[in-house]
Amino acid sequence: MKTRITEMFGIRHPIIQGGMHHVGYAELASAVSNAGGLGIITGLTQPTPEDLAREITRCHEMTDKPFGVNLTFLPSFNAPPYPEYIAAIIEGGVKAVETAGRSPEKYMPQLKAAGIKVIHKCTSVRHALKAEKIGCDAVSVDGFECGGHPGEDDIPNFILLPRAAEELKIPFVASGGMADGRSLVAAMALGAEGMNMGTRFLATKDAPIHDNVKQAIVKADELQTRLIMRNLRNTERVLNNAAVEEIIRIEKEKGQAETIDDIRHLVTGAKGRLVLQEGKMDEAAWSCGMVAGLIHDIPTCDELIQRIMAEAETIVCQRLAGFLG
């Protein structure tokens, strides 16, 4: 399958693995890339730029296919040394960067001068248009269904994707609710040129996370996610557990007076690592999309991607073509 996304990133299939904290290590990124998609190392999971450089080297040793690095831009008062992280990406020969969080505008000159293709994660059309304006090569359009941060507009992909297609000139991929060949065909019918998957890649043999997390996703249905941090306008979609229920209790009690300090002990990255890496399932809130309801097994990344592409081809060439009579 050939789209502007496959051409831009030099990949065989229009499938991108989103950056995920404490998940996007070389093991997963290389597995996705070897299967024909675009694997992504999560930059800030690495404590220092030097650690990121070593992780990029490890990934090169595990695949000769293109892969990217995710950089999430945090508020300036808490900013990591981004120029040094970008230097590690450039020196490591990485040619694709997925940016998220705040605008990457400040760092675009450094990225573009190195010939790096930038795809920015957006939860609204207005943000996608800004990404296009500042020179991003593509965007990942994240609908309200997505795990992690869906923004504050609450627009699902059936509306958000065609709206993006109406407004954007650069290509985009769909994120949120993506799991299989049906997802890919539907996204492309709505204007996307590929899809980004996070939760679906968690439930693979190659994901370097605890099996308890993978089994929780398979066991969950589409009703098991919750939205937290709405009062803070930093909404996150997470899988329900004891920590999440405590967060919701605190948020109801505090209302608009809530601050991040009220729930910090249940949402920090360090506590999330206890879930993802040690399988302590009630220690913290952890990101998960509604797409968990469509995930029923734990394949390898190669098995998953080949299955998606075969299913997509069958849908287009047989089921949909058959309707034309």
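Two strands pair if DSSP finds at least two bridges between them. Strand S5 (residues 117–122) and strand S6 (residues 138–142) meet this condition, pairing in the parallel sense over 4 bridges. The model is predicted, and local features need pLDDT of at least 70, side-chain atom pairs count only at pLDDT 80 or more, and totals for chains, interfaces and linings use all residues. Residues are numbered from 1 along each chain as its sequence is written, and side-chain values use heavy atoms, with hydrogens and water left out.

**The sheet**

- Strands of a sheet pair through backbone hydrogen bonds, either parallel or antiparallel.
- An open sheet of 8 strands, with parallel pairing, runs in the order S1-S8-S7-S6-S5-S4-S3-S2.
- Strand S1 (15–17) and strand S2 (39–42) are at the edges with a single partner strand each, so one side of each has no neighbour in the sheet.
- On average, neighbouring strands of this sheet are turned by 30 degrees against each other, direction ignored; for such angles, axes are lines fitted to C-alpha atoms, for helices over the stretch in contact, and angles run from 0 to 180 degrees between N-to-C directions.
- Ile119 stands opposite Ala138 in S6.
- Strands (E, at least two residues) and helices (H or I, at least four residues) are DSSP runs, numbered from the N terminus.

**Salt bridges**

- The structure holds 23 salt bridges, a salt bridge being a side-chain nitrogen of Lys or Arg within 4 Å of a carboxyl oxygen of Asp or Glu.
- Asp64 and Lys65 form one of them, with their closest N and O atoms 3.3 Å apart.
- Asp64 is exposed at a relative accessible area of 69%, whereas Lys65 is partly exposed at 40%; buried means under 20% relative accessible area, exposed over 50%, and partly exposed in between (1.4 Å probe, protein chains only).
- Arg163 and Glu166 are joined by a salt bridge of 2.9 Å, N to O.
- These two residues, Arg163 and Glu166, lie 3 residues apart in helix H7 (residues 157–167), so about one helical turn separates them.
- Arg163 is partly exposed, with a relative accessible area of 30%, and Glu166 is exposed, with 59%.
- Asp180 forms a salt bridge with Arg182, their closest N and O atoms being 2.7 Å apart.
- Asp180 is buried at 10% relative accessibility, while Arg182 is partly exposed at 48%.

**Glu55**

- Glu55 is placed in helix H3 (residues 49–62) and is buried, with a relative accessible area of 6%.
- Glu55 and Gly43 are 12 residues apart in sequence, and their C-alpha atoms are 9.1 Å apart in space.

**The second largest pocket**

- A pocket is, on a 1 Å grid over the protein atoms alone, an open set of points where a 1.4 Å probe fits, with protein on both sides within 12 Å along at least five of seven lines, and lining residues have an atom within 4 Å of a point.
- The second largest pocket holds about 290 Å³ of space, a volume being the space filled by probe spheres set on the points, with grid points joined across faces, edges and corners.
- Its lining has 18 residues, of which Glu145, Gly176, Gly177, Met178 and Leu294 lie nearest the centre.
- H7 and helix H8 (181–189) each supply at least two residues of this lining, and H8 gives the most, with 4 residues.
- By class, the lining has 9 nonpolar, 5 polar and 4 charged residues; Ala, Val, Leu, Ile, Met, Phe, Trp, Tyr, Cys and Pro count as nonpolar, Asp, Glu, Lys and Arg as charged, and the others, Gly among them, as polar.
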